[in-house]
Amino acid sequence: MSMRRLLALAPLLGALVAGAGTARADGPTVVELFTSQGCYSCPPAERFLGELADRDGVLALEFHVDYWDNLTYGSAGKWKDPYSSPAFTARQRRYNVEIRRRTGVYTPQMVVDGKFEVVGSREGAVEMAIEDARARAGARVAVAAVAQGGGLRVSLKGGPDRAGGVWLVSFLRREATRVLRGENHGKLLVNHNIVTEMRRIGEWDGKERTIDVAAVANDEKRGCAVLVQAGAAGPILGAAHCPAAGS
């Protein structure tokens, strides 16, 4: 490889190295993948999200949209994604209006910290968006989640002078599905951190507060996280993984 080519790649390589080993002191960077098992171009993005899910300093979440469910792919027919939800499609549409000023959506799409969007299979671009989000994060809400019996105690403090909702996000850590129909017919797809529910558990008004959640599923199969987010699909103000079971 020529020296000119190496110099051209230097900024991207630097972002990749930083992203691979840097954990934020003020909570993880949130990466949301909007995908579907009916989307032929989505599996590479889903594999990449699995890598991000194992990375320190990143909270990776996978949202399955429903607009692929009724599309017919020739003789292979339709495939109903078992994890799809119209609520997740609505979330993606709101992001696109806020970030791209467009009502249209596409897959695979990654949204980083509620501020930036990028094609989910373009790994270098995603890495740079993560670094950009970290650089522009500003003050964030400090979110601490502590296991309490079978529930969770969430403590919030500091952060920007901006209101937001506090959300408990529940997800399946890893699931494999043999797709029988549609564009991906015959493939075994492996998905990670598949969001099954977003539940609003409180409000953030800039004042220190504690929120108790009575029952939380968090084990080898299921996980959860806490998000503080401005508006319906605005910037992420703070985030935390739920603590490991038994901690």
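This is a predicted model: local features need pLDDT of at least 70, side-chain atom pairs count only at pLDDT 80 or more; totals for chains, interfaces and linings use all residues.
**Aromatic pairs**

I looked up the ring pairs and got three aromatic pairs. One of them joins Phe34 and Phe63, which are stacked, with 5.3 Å centre to centre and 20 degrees between the planes. I placed Phe34 in strand S1 (residues 29-35) and Phe63 in strand S2 (residues 58-64), 29 residues apart, so I noted a link between distant parts of the chain. I checked burial next: Phe34 and Phe63 are both buried.

I then turned to the rings of Phe34 and Tyr95. Their centres are 6.1 Å apart and the planes stand at 70 degrees; the cut-off for edge-to-face is over 60, so I logged this pair as edge-to-face. This pair also links distant parts of the chain, since Tyr95 sits in helix H3 (residues 86-99), 61 residues from Phe34 in S1. Phe34 has 0% relative accessibility and counts as buried. Tyr95 is buried too, at 1%. I recorded that ring pairs link Phe34, Phe63, Phe88 and Tyr95 into a cluster.

**Nonpolar cores**

I looked up the largest nonpolar core and found 22 residues. Val30, Leu59, Leu61, Phe63, Val195, Met198 and Leu227 have the most contacts inside it. Among the elements that each supply at least two residues of this core are S1, S2, H3 and strand S8 (188-204).

I listed what Leu227 touches, leaving out residues up to four places away in sequence; the partners include Val30, Leu59, Leu61, Arg91, Trp167, Met198 and Ile236. I also noted a second, separate core of 20 residues, which includes Val143, Val166, Cys224 and Val226.

Technical notes: Residues are numbered from 1 along each chain as its sequence is written. Side-chain values use heavy atoms; hydrogens and water are left out. Rings of Phe, Tyr and Trp (its six-membered ring) pair if their centres lie within 6.5 Å; planes under 30 degrees apart count as stacked, over 60 as edge-to-face and the rest as tilted. Helices (H or I, at least four residues) and strands (E, at least two) are DSSP runs, numbered from the N terminus. Buried means under 20% relative accessible area, exposed over 50%, partly exposed in between (1.4 Å probe, protein chains only). A nonpolar core is a set of buried Ala, Val, Leu, Ile, Met, Phe, Trp, Tyr and Cys residues joined through side-chain atoms within 4.5 Å. Contact means heavy atoms within 4.5 Å.
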